[in-house]
Amino acid sequence: MGNLDLSRSSKSAEANAEAVSNPPPYSSIVEPIDEPPTYQQPNVSHRLSRNVSPRSEETVDIDECIDHLKFLSAIAKLRNLIRGTDKLFGVRDSEARNFADPRKQAQAAARIQEKRWAVYVARAVDRFTIWWQTCLPSLNNSHTSMLNDSSEAKIAWAVNMLPPLDVIMVWHAYMLNPRAFLEDCLRQSKMNVWGTGLPWDMINASIDNETLVFDPGSEARINFETRTGHSWKNIHGSPTKSLLCFRCKQEVLAPWTEGSIGCDPDVAFAHCIGYADKSLRVVCPACKFSITHDSLRVQKLRSDVQKLLKDNLPMPGTFLSQNGTPADDENGDNVCFPNRLIKEGIRSEILQLTDPTENESTTIETIRDHLEAFLKSRSLLRRVNKATLTAGNSSMPERISLRNMLSRYWDNSSPFAIDLVGAVIRQGTFVDKMNNIGWICSPNLRSTMAHFISKYDVFFQIMIKNKGHAVVPTLDIDLIWHTHQLSPARYYAFSTAQTDGVFINHDDKIDEIKLNDAFAWTSKQYQKLTGGKIYSECICWYCEALRESNNQGLGRLISPSTMHAKNNAVLLHDSANIITDGGKGQGPHISSHNAVRILAQADPKAMQTKTAQLESCWEKAQRRSHKRSGSKSGGEDPLKKGPYGPYARDPEILREVYPCNPACVNITAGVVGDCISGTQGVGLAQGACVSETMSAQTRGKGKSFCAGIAGCGMSL
């Protein structure tokens, strides 16, 4: 990258210097490691300057957005480096040449690169977990009091406290699941982390403007290595992951990955048995117990049950109400039912079921089935709820709360509410788009960010005024939305104040067809609120077709805002402010970075119908454009894409490469994710069957909002 002047004000510089002069009390010294590798960014001819402005207490400020863009560029460089490093983690490019078919060779080469990144991310999550537990202070507080007392929930960050870039990358993806992050901070007494957010000033100062190398200095490296026992560089870490045998408590070493790509690129690495592989299986040399991903998830639940019984630490999924705010079970939220059920009803049964010495084959599905059976006992429910059930009583609230708790264990053996490997992988597409679209190189970057922030303000108004709808962002708005969420306390305060107590979640689980309709609806609402301004400032075929469909009408049937929108659409092509992705017309396009598809709801006919509708609108727009310019119509427009909208799942994500699938959710009856029967369609913060936005009138009443994952939506 050329000389990007990202210098702060003198006041910020003084604050940074003071922070560096007062390091945390780390005393042990280790040898510094080699200098980080150099990444090269295309030269740019401008300089980015900083204005002296206070941090926004409501949404975000321009400097934070620029810092975020710079950070995403650094992550994109890191990702490309890891994917392209032959033989890293024993994953060899040469294996692709084992396939005679050129198409298979290309497919295998892509999967080999993906596997290297998957292993790197798994190691990064492991390193983040140790850093989170050992380097970040825990507070002994009444959990909910910290939500409103930001003065006590702050960490005085210094540059030498920063972890490596891969650890910050995991932290970043984690925070973009705001309800999950809040729950974990409450449950694990990390509200000071939640109250502080990402230390943008210090992250920005540690990323070189020209090479995008992250280097906070030798003291930060020494501190990290001393406190965590890990090397500063991810790739210099141990080739094995240390696990504890659940049966005999002996240490068991599992390779991070083991095996080759296999004989079919469509199921590449599916047979591998390492910790970062789908089919983990390592046998304890002492007692012959087999450790698998299933057993790790069961033991995570068992450990949480033991903490509940011993320390009265509530189970995951029992902290937040459906509004995303701390639950008050006495006032009817009922999310704490699983805690009561375990303590007062089934403690011996659940401990026996998860005891590896008695039930080695137990899975989360097994536990789900037992919990479902317990709910059929009316005497048990009466004892746990300390209330009399009548014939007409429904156990739906209890079922919902149990399903919410179990959602923390589906495909997740980490100590967090979500699988962080999947969270990072799903961010990959968005990271690449932010890097490729080139906003960081814009000569008018500050004014561009100011424009995006103003669009985000309108987007938020659409969200809070339309609680019964999914509201879908464009890439520019999503950048601002993400930046806002990376200051969790500020985002929580703003969100709950604007919505009368609802913590708006960043939900990436919306069915593809519904996403298309929601994006069209969002575009129309934005058009109405702004008097006809363009929502998706993009000239790809999809956005052209969408604008055409929104602006159809005849004569006096067209509203003033629609007429203005038609005129603005004409001017859009001639705008000098549109920054496109390599000239392909994809500027502030629909955000599709978390594209995941529900297997059980694939509807080819619906997809074909929607495609035909879009293509018809696109052709009308093209005919109008040709007529206006006097050119002849016909031929294929170079901007036309197919076969559908921009939200099919990321083709670079192959389920078999990962321990859990970050890009697809199966809600077929009886499979993982359908936690408790009768709760399909009920909106939850996590889990396979996640709702779109639901109004208070429909929430929890069984209305079908079963979700695929494709793009960003919101969950109220």
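The legends below accompany close-up views of a predicted model.

**View 1. The protein as a whole, as context for the close-ups.** The protein comprises 22 helices and eight strands, and 59% of its 716 residues count as buried. Among the contacts with a separation of 6 or more, 78% are accounted for by residues 24 or more positions apart.

View 2. Leaving aside residues up to four places away in sequence, Phe128 touches Val167, Val170, Trp171, Tyr174, Phe416 and Leu420. In soluble globular proteins, nonpolar side chains tend to be buried together.

**View 3. The packing of helices α4 and α5.** Helix α4 (residues 165-175) packs against α5 at an angle of about 105 degrees, and the two axes are 7 Å apart. Since angles of 65 to 115 degrees count as roughly perpendicular, that is the description that applies to α4 relative to α5. On the α4 side the contact involves Trp171, Tyr174 and Met175, which meet Pro178, Ala180, Phe181 and Asp184 of α5.

View 4. Ser189 is placed in the loop between α5 (178-187) and α6 (191-196), where the phi of Ser189 is near 55 degrees, a positive value in a residue other than glycine. Most residues other than glycine have a negative phi. With a relative accessible area of 16%, Ser189 is buried, because residues under 20% are counted in that class. Although Ser189 and Leu139 are 50 residues apart along the chain, their C-alpha atoms are separated by 5.2 Å.

**View 5. Lys288, in a loop between two strands.** The loop between β3 (282-283) and β4 (290-291) contains Lys288, which has a positive phi of about 70 degrees although it is not a glycine. Lys288 has a relative accessible area of 55% and is exposed, whereas Ser189, which also has a positive phi, is buried.

**View 6. Helix α10 and the helices that cover it.** Six of the eight residues of α10 are buried, so this helix is largely enclosed by the rest of the structure. The buried residues are Phe337, Pro338, Asn339, Arg340, Leu341 and Ile342, and what covers them includes α9 (293-311), α11 (347-353), α12, α13 and α14.

**View 7. The buried face of helix α13.** In helix α13, which runs over residues 378-385, Leu380, Leu381 and Val384 are buried. Seen down the axis of α13, these buried residues fall within an arc of 100 degrees, so they line one face of the helix. An α-helix has 3.6 residues a turn, so residues three or four places apart point the same way. The cover over the buried residues of α13 includes α10 (337-344), α12 (364-374) and α14 (396-406). Just after α13, Lys386 takes a positive phi of about 55 degrees.

Notes:
Residues are numbered from 1 along each chain as its sequence is written. This is a predicted model: local features need pLDDT of at least 70, side-chain atom pairs count only at pLDDT 80 or more; totals for chains, interfaces and linings use all residues. Side-chain values use heavy atoms; hydrogens and water are left out. Buried means under 20% relative accessible area, exposed over 50%, partly exposed in between (1.4 Å probe, protein chains only). Helices (H or I, at least four residues) and strands (E, at least two) are DSSP runs, numbered from the N terminus. The arc is that of the directions from the helix axis to the C-beta atoms. Contact means heavy atoms within 4.5 Å. Axes are lines fitted to C-alpha atoms, for helices over the stretch in contact, and angles run from 0 to 180 degrees between N-to-C directions. Angles under 35 degrees count as roughly parallel, over 145 as roughly antiparallel, 65 to 115 as roughly perpendicular and the rest as oblique.
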